Structures are given as C-alpha cells and as structure tokens.
Amino acid sequence: MEAIILAGGFGTRLRPLTYTRAKSLLPILNKPMISYLIDYLPKEVDKVILAVNYRKNQIERYFKENDFGKEIIVNDEPEPLGTGGAVKFAEKHITGRFFVLNSDIICSLNLDSMIKFHKKNNSASTISLWPVENVSEFGVADVEDDGNIVGFVEKPKPEDAPSNFINAGAYLLEPEVLDYIEAGRLISMEKEIFPQIIDDTGRFFGFKFEGHWRDIGRISSYIDVHKFLMRKEKMENYVGESPEIHGKLSDCCIGDNVYIGNNSKLNSVIVYDNARIEKDVVLQNCVVGENCKIGMSSDLKNTVLGDNETLNENSVLDNKAVWSQPIPEGYPKKQIGNVIGE
Ligand code: GTP
C-alpha cells in the first residue's frame, strides 16, 4: 500500500527557519519532523511517495542517509502544485487504495483503525477528524452520526458551526478520487477536490480519533509541540550531545554542541546545533537557529533567529524574526499553501 506524504510546502509561517530548511526537516526534539510520521505508518504501507518541491535535495539526502525499512520515492514537482496537484502528480506510483498525509502534524491517529473504518463504510474518501474548541479559525466538517461528511463550512461563527470537528490532515483515498484532480495546476485538495467527491459519490467519511493532535504551522505551535512531547515523556528539558551549559533551562530543547554561558536563563526555547549563547542572556519563547551567536546580556522574547545569525551584546528584541541574509530565490512573500485551520 502507498502513502503520499505532502512535504513540498514552503512553510512561510515558519520563516526564517524555512529559509534554509525544508519545513518537514525542522527538528522536533532534535529529530526531523517527518521522521515521526514515517515511524507511525502501518506495516501495510510499504511504499512512501514524498511529494516534494522546495528544498527537495535536503529531503532526498535525509532519506538516503536514513533507512526506514520502506521503499521511498522522492516525487519532485516541477513547481508547487498545492495539496491536490501534488497528489495527482504522484498518480503514476499509485496501485490501489492510498494514504495522503501532511508532513507537519504530530498526532495519535491510528492509521490501521482508519483503514478498517474506511473499508467498513465502503468509503471513496476518508479523512481524519479532530475536535477543536475554536471552530471559527478552521474549516469545520458537517458530519453525520455515522461519520458521513456532507460538506465543510469555512471559519463559522460558533453558533453556526455544523460540528466541532476539523480536517486533521490525513486522508485515505480510493484511486477513483484521482480522476477528480486536473493534472498540472495548483489545486487544493481540501477546497476544490473534497467538495466534488462529496457531491458526486456521497461516500466521504470522517474518522474521529482521540489523544493528541498538533499542527505545526506557526512558531508558537512549533515551540508548543516540543513542550507537549517533553511533558509526555516526563522530561524537563531535552539536551543534545556535547553540551556546555552553565545557565538555567526550563522547558527547553537544546541541539548538539551548544554553549550557554553563566547566569543565562532560557524558558521555552529551542536551540539548534552549534549555537553559542553568551552569559547573562535571557530568552523567553524563542527559537535559535543553527550556528547562531547571541551576545552577552541580551534579552529576547518571542523571537526567532534563522540559521547563522549573530546578535551583538545587549540586544533587546520582542516578537521579531531575525534574518539578515538574502531570502532564497523563489521563496514566496506570502503563504501559498493551504492551511488546515486559521
Ligand atoms: P505555510 O506556507 O506556512 O502555510 O506552510 P506550508 O507551505 O507547509 O503549507 P500548509 O501548512 O498549508 O501545508 C500542509 C501540508 O501540505 C504540508 O505538509 C506541506 O508541506 C504540504 N504542501 C503544501 N503545499 C504543497 C505543494 O504545493 N506541494 C506539495 N508537495 N506539498 C505541499
């Protein structure tokens, strides 16, 4: 069985981290985000098609260097085709019922149970559903008691919401669904293709699950998923290899070869490999990219430093994205992907 993993987005909301890295390779507890997804694929999935575009070489290299015991095909889109276009572009590798999975989600969805649910309902398309409180930020499924989805309502007022279930970014599809997608153009699976399948087949189901679900779209959710996983594993902090840490950490994830000077205090901070943070620095809710240097007595809140950035001593920043290098060619000025929520 095949699984298409959507990993071609630019991850604009996670810039400047994504100026140098594919979003799906951003580390979570020092392991690329996409590795969590590959690890939880059912045995039945023996072929993984990576739908890639931006930073495809990094993704290809990662999978050459790491064996997950499955056939991996890197399917390189000539240009970003959106979630629907990427699925169509992978059609040549599809031999039967297949998964489509967003690469930027960490969750407890059981894909084996989803397959059983899909078969029982003779579904053409089954999507995972996750309950939320803030329906007005999401596309909400109009789902009947048996799981049949009859439509979606974008960002409804709470009183108008047909349910509190949103599309959780994992789809199980029959090959017939591919006929709904026009080849070679930017198409959203969620906005353009799903409504057609609902209208035409009436066999569009939602699979609800419990446990946890985190969509890593923004810096805040990227920091949050670290804290969530550390709590789950009962870790106060996560520290990589060869650390030299003289300061105090709370709720932090620290990469390899990181130096943190005397009397520095870090709270809810992710620090990538080879960063150097001098003494008397205070960091709160920040991400510090690889090889970054932060001068002594700096004070940063809600701030992200892209890879290889240097801040002078006594820097004070709040709510900033630090990037002093050229923006990669072709990187969009604004979001072009299609967001599950927001
Ligand atoms: P933002 O720019 O911050 O919205 O991030 P994104 O580009 O990752 O978009 P979004 O979060 O909507 O993407 C959801 C999933 O679809 C992610 O796993 C993306 O990598 C993937 N994705 C989005 N657009 C494309 C595309 O054009 N091609 C492919 N292959 N994957 C895509």
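Helices (H or I, at least four residues) and strands (E, at least two) are DSSP runs here, numbered from the N terminus. The model is predicted, so local features need pLDDT of at least 70 and side-chain atom pairs count only at pLDDT 80 or more, while totals for chains, interfaces and linings use all residues. Residues are numbered from 1 along each chain as its sequence is written, and side-chain values use heavy atoms, with hydrogens and water left out.

Let's start with S298, which sits in the loop between β22 (293–294) and β23 (299–301). S298 is buried at 1% relative accessibility (buried means under 20% relative accessible area, exposed over 50%, partly exposed in between, with a 1.4 Å probe and protein chains only). Its side chain reaches the backbone oxygen of G295 at 2.8 Å.

Now for the charges. The structure holds 14 salt bridges, each a side-chain nitrogen of Lys or Arg within 4 Å of a carboxyl oxygen of Asp or Glu. Here are some of them:

| Pair | N to O distance |
|---|---|
| E2 and K47 | 3.6 Å |
| R185 and E182 | 3.2 Å |
| E278 and R276 | 2.7 Å |

E278 counts as partly exposed at 26%, and R276 does at 33%. Elsewhere, salt bridges that share partners join R21, E290 and D307 into one network.

Key. Polar contact = N/O pair within 3.5 Å; in protein donor to acceptor, adjacent residues only side chain to side chain.
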